[in-house]
Amino acid sequence: YAIQCYNQNFPNIKNYGDVRQGKGGVNETMNRLKDVVEESKAAIYENSSYLFFIFAPAKTKAFNNELTAIETAEKIRRVLDDHNRLLKQKIEFGMSAHFGTMVARQGINGLKFMSLGNFISTAKKLASLSDGEVFLSNEIRNRTATDVKTEKHSEQDLEYHTLVEIRNREKSQKFIREFMSKMEKEEKESN
């Protein structure tokens with residue numbers, strides 16, 4: 001067993017009973033969600049109306065999974081929004097991404113884990129408050145502050161952030177390189 005820090009996405013399917021019946025294209029949408037999560041190498045765990053996507057280093061083979069967890073949450077939100085826009089059977093959902101500690105081990109039958117502290121309860125609370133947005137806990141937002149743009153909120157003695165945008169680092173780095181090159185060129189020309 002290893003005690004490590006983990007990132008987790010918690011979609012909360014608010015009309016779980018209706019969705020569980022699989023009518024109106026729901027099964028296809030849920031399969032698309034599964035594909036998105038498996039592509040990011042997260043473990044999937046289902047508990048009542050909550051789906052847990054666990055980005056454990058033992059499973060992902062990476063230690064910095066925070067941005068991947070947020071990007072996956074955004075992809076999931078888009079899949080669910082597309083479903084709700086195009087199909088009659090709506091999926092009411094809330095989603096959160098949180099960072100915390102748990103004990104985990106990758107086994108033959110999948111990831112075995114036990115959360116420590118209020119890791120799962122905080123993420124569940126945030127997902128329950130969300131109404132189709134991606135909410136980020138302070139812990140995961142602080143670890144990705146340069147990569148995401150958020151709006152800060154406070155409710156029920158809980159501070160959280162709504163995801164506004166995932167910044168494109170490659171685009172920013174290209175701009176900086178071009179700007180620096182231009183400045184060097186202008187400096188050479190002025191000498």
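Helices (H or I, at least four residues) and strands (E, at least two) are DSSP runs, numbered from the N terminus. The model is predicted: local features need pLDDT of at least 70, side-chain atom pairs count only at pLDDT 80 or more, and totals for chains, interfaces and linings use all residues. Residues are numbered from 1 along each chain as its sequence is written, and side-chain values use heavy atoms, with hydrogens and water left out.

**Figure 1. Overview of the protein chain, with seven helices and eight strands.** Along the principal axes, the C-alpha atoms fill a box of roughly 75 × 45 × 40 Å. Of the 191 residues, 41% are buried (buried means under 20% relative accessible area, exposed over 50%, partly exposed in between; 1.4 Å probe, protein chains only).

**Figure 2. A patch of negative charge on the surface.** The patch gathers Asp-18, Glu-92, Asp-131 and Glu-133. Patches are made of residues with over 30% relative accessible area and no salt bridge, with like charges joined within 9 Å and nonpolar side chains (Val, Leu, Ile, Met, Phe, Trp, Tyr) within 5 Å. A salt bridge is a side-chain nitrogen of Lys or Arg within 4 Å of a carboxyl oxygen of Asp or Glu. Asp and Glu count as negative, and the charge is placed at CG of Asp or CD of Glu. Asp-131 lies in the loop between α5 (119-129) and β6 (134-137) and is exposed, with a relative accessible area of 59%.

**Figure 3. Leu-126 in helix α5.** Leu-126 is buried, its relative accessible area being 0%. Leu-126 and Leu-136 are separated by ten residues in sequence and by 7.8 Å in space, C-alpha to C-alpha.

**Figure 4. The contact between His-161 and Thr-150.** His-161 belongs to strand β8 (residues 158-166) and is buried at a relative accessible area of 6%. The side chains of His-161 and Thr-150 are joined by a polar contact of 3.4 Å (a pair of N or O atoms within 3.5 Å; within protein, one must be able to donate a hydrogen and the other to accept it, and residues adjacent in sequence count only if both atoms are side-chain atoms).

**Figure 5. Positive phi at Lys-41 and Lys-61.** Most residues other than glycine have a negative phi. Lys-41, in the loop between α2 (26-39) and β2 (43-47), has a positive phi of about 70°. For Lys-61, phi is near 65°. Lys-61 sits in the loop between α3 (57-60) and α4 (66-86) and counts as exposed, at 69% relative accessibility.

Notes. Accessible areas come from the Shrake-Rupley method with a 1.4 Å probe; for residues, only the protein chains shown count as cover.
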